Amino acid sequence: MSAVRLSTTALASMAVAALIAFAQPVSAADERTVKIAGWGAKSGPLRSFGVNSEAVLKAAVQSINDSGGVKLGDGTVAQMEFTYYDSACNADQAISVARKVESQTEALIGIGPTCSGAAAAMYGIFQKTVDDESDTGLQFPILTDTAIRPGLAKKSQWTFRNVPNEITMYDELFAWLRAQYPDAKTIYGGTETDQAHSKLTFAIVIVPMAKKHGFEWVGGGIEGVTGKVREGYENVLEVSKSSNWLMADTNFSVQARAFKKSGADMMIVSSHPFTTCGMLKEMKRQRIKPKVLVGLTSSSSAETLKGCSAAAEGMYIPTGFAPITDAAAKVAAAAEANGGSADLHSAAAWENAHIIKQVIESTGIMAKPETLNDDRRKIRDGLETLVKVDGLMGDIGRVQDEGESVKPYVFVQADSGTWKVVHDPR
Amino acid sequence: MSYYLGLVQLIGIHTLLGLSAYVLMLTGQLSLGQAGFFAIGAYSAGILTVIFELPILPALLAAAAIASFFAFLVGFPALRVKGLMLVVATIAFSEFVRLFFFNLSWRVPRGDIEVGPDSTNGFREIRFFVANGWSAWEITAFVWIFVILVMAALWWTDRSRAGAVLRAVGEDELAAQSVGINLTAVKVTAMTAGGFIAGIGGALYAHTATYVDHLTFTVLLATFAIAYPILGGLSSVFGTLVAVIFIQGVLVEGLRFLGDWRNIVFGLLIIAAMNLKPSGLFDARTAQVLKRAVGLGGKD
């Protein structure tokens, strides 16, 4: 066999092998299982999001099946099954997986895609308004965990989220810090400006909420920042431009010097764990010790403690998850047993699986191939009518018009390598 | 079915991206600026359909024209550098474009919401297709009309004197110049054509994805743009298509079931492919074999 033929055959074999695996068959029609799909970043720099989310989802599905399964509309009790896909925190891939799950599987609902950017992109391909026949977007319900950037779910009536409300959390956090640190007057901070969640939360939520509770940006405050969400947003980014960074940055000396020079009582590091750790380590190296250190919700995770527990010591963060109830502790242990970690992002996957069970049982889902589209619609309608659901830390309220949630939260502080709950406003 | 059609759309769009680099590579230029032109096409077309409410076709052609204009402008300074220096210069251009859109905020009210590029928050609501009731089949056909037109144009060019001129410059600039070929005109034309094709691809991408942000147009996208023609081979436009199918269809989508191992296997298969077919997946020899197979004759 010539080299050309050999190489052509080898390449063709690889392609065929991949395509065979790629064309996963639709399950047999007579199986009465409740299928759900999850997807998120299982590769790339935000891989931990997907790994944690999958571990928690696996534990949740197992717990549902161990307790008997899901009761269908005709009284049959079915087991729940899930498949988790890697969408790599990438818009193209999240869209592709959403289309695949909608058209090639019998999944009743999707949980994903972990990253806010991917979610923002993915939500756009869904039908905006239910029953609008002129809109050919996907008609498939989504209940997202993890992706926390404000205001995403209202893009489509098929998309729902179960993520914390940062406005409420930071409002309460600064009110509490005001009481704890009456001498603290001034604030200073920075954010990773190429990450929409970090940047927006910093500029439109954190700084205004700090102002609302009497903390003033060093140097006499920021024009336009009145204490209301979004007001003065542009000016916040303008005055903090020498202390901001990008997600790929590895050197924070200039930003840390700006922090040090500010001499503020309270310092805010609004970024994801990777650059939060870089910044905190540099602050520690430059011996910057503010009276109060505040972080972004996304950094209240195991990654921060693994990466820089010493540098993060004392940092306050509001979070929608902490193992402070029996249920939450059980989920944390189950996630760890599955090779992941339950945190404010991933713990929602547990709640989502149980919310889906609740909706299925209340809307008479049949879980048959011929009822697939009806079932998906019923789940969507069921999610929209929810007012309150059980969460790991208490009741979760639903904002029906927007597909969003209002979750209970606590304030944690980095303390000797753990997140210690310092205030529980529930 | 919408999944497979979505995949076919993506393959078409990435083929355009790869072909935009292919044109330049024929002249021996390696550019990582294609992601920048793709971004210009995506944002321009999005702005035209969302803010100015133009229909898709004029918006797409205008976006491609804008991208090609910028490619034309980049073409002149790029003439002063070659090889790795050109790669660095075009990366700089791509990053400049990406950071421009990273900072661009142009919001206009539309009903009860605001639409338009929103800086880091990205550019949402580019929903011309779905909002106007286009089916997945229609969108796919629309995308592939452009892919086929571009491939046909390049295929024809390759067989004309213009194609011979492009390849002559790519093979040996000095020799080409010595027979009277105007290097400036050829290179700038190739850059402009590449920008036009990337602009079409970007415009189609924005409307099929419905959302773009600066993170869509990183160096990784630029790397894919040059990887397609390199992996597929420069002997024919079909090489780029084959490479896109191999990467996007087989490696990215087909290996998704491997989970964490996907990226490792992805890399190994690329290395294997380049070793087994060093002249490209669709090299001249493969083209001859295929021609014989379909009865078009030809000898080795």
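**Figure 1. The contact between chain B and chain A.** In this view, 40 residues of chain B are in contact with 38 residues of chain A, two residues being in contact if their C-beta atoms, placed from the backbone, lie within 7 Å. On the side of chain B that touches chain A, α1, α5 (128-131), α11 (237-253) and α12 (262-276) of chain B each supply at least two residues. Helices (H or I, at least four residues) and strands (E, at least two) are DSSP runs, numbered from the N terminus. By class, this side of chain B has 19 nonpolar, twelve polar and nine charged residues; Ala, Val, Leu, Ile, Met, Phe, Trp, Tyr, Cys and Pro count as nonpolar, Asp, Glu, Lys and Arg as charged, and the others, Gly among them, as polar. The structure is a predicted model, in which local features need pLDDT of at least 70 and side-chain atom pairs count only at pLDDT 80 or more, while totals for chains, interfaces and linings use all residues. Residues are numbered from 1 along each chain as its sequence is written, and chains are lettered from A and ligands numbered from 1 in the order in which they are written.

**Figure 2. The crossing of helices α1 and α2 in chain B.** The axes of α1 (residues 2-26) and α2 (residues 34-50) of chain B come within 10 Å and cross at roughly 130°. α1(B) and α2(B) are therefore oblique to each other. The crossing of α1(B) and α2(B) is right-handed. From α1(B), B:L17, B:S20 and B:A21 meet B:Q34, B:F37 and B:F38 of α2(B). The contact of these helices has four nonpolar, two polar and no charged residues.

**Figure 3. The fold of chain A.** Chain A contains 13 helices and 16 strands. The radius of gyration of chain A, taken over C-alpha atoms, is 23 Å, close to the 22 Å that the globule rule gives for 426 residues, so chain A is as compact as a globular protein of that length. The globule rule is 2.2 Å times the number of residues to the power 0.38. The C-alpha trace of chain A spans about 70 × 65 × 45 Å along its principal axes.

**Figure 4. The surroundings of A:E216.** A:E216 lies in strand β8 (residues 216-217) of chain A. Leaving aside neighbours within four places in sequence, A:E216 is in contact with A:K185, A:T186, A:I187, A:K211 and A:G221. The C-alpha atoms of A:E216 and A:F126, 90 residues apart along the chain, are separated by 42 Å.

Technical notes. Axes are lines fitted to C-alpha atoms, for helices over the stretch in contact, and angles run from 0 to 180 degrees between N-to-C directions. Angles under 35 degrees count as roughly parallel, over 145 as roughly antiparallel, 65 to 115 as roughly perpendicular and the rest as oblique. A crossing is left-handed if the near helix is turned anticlockwise from the far one by less than a right angle, and right-handed if clockwise.
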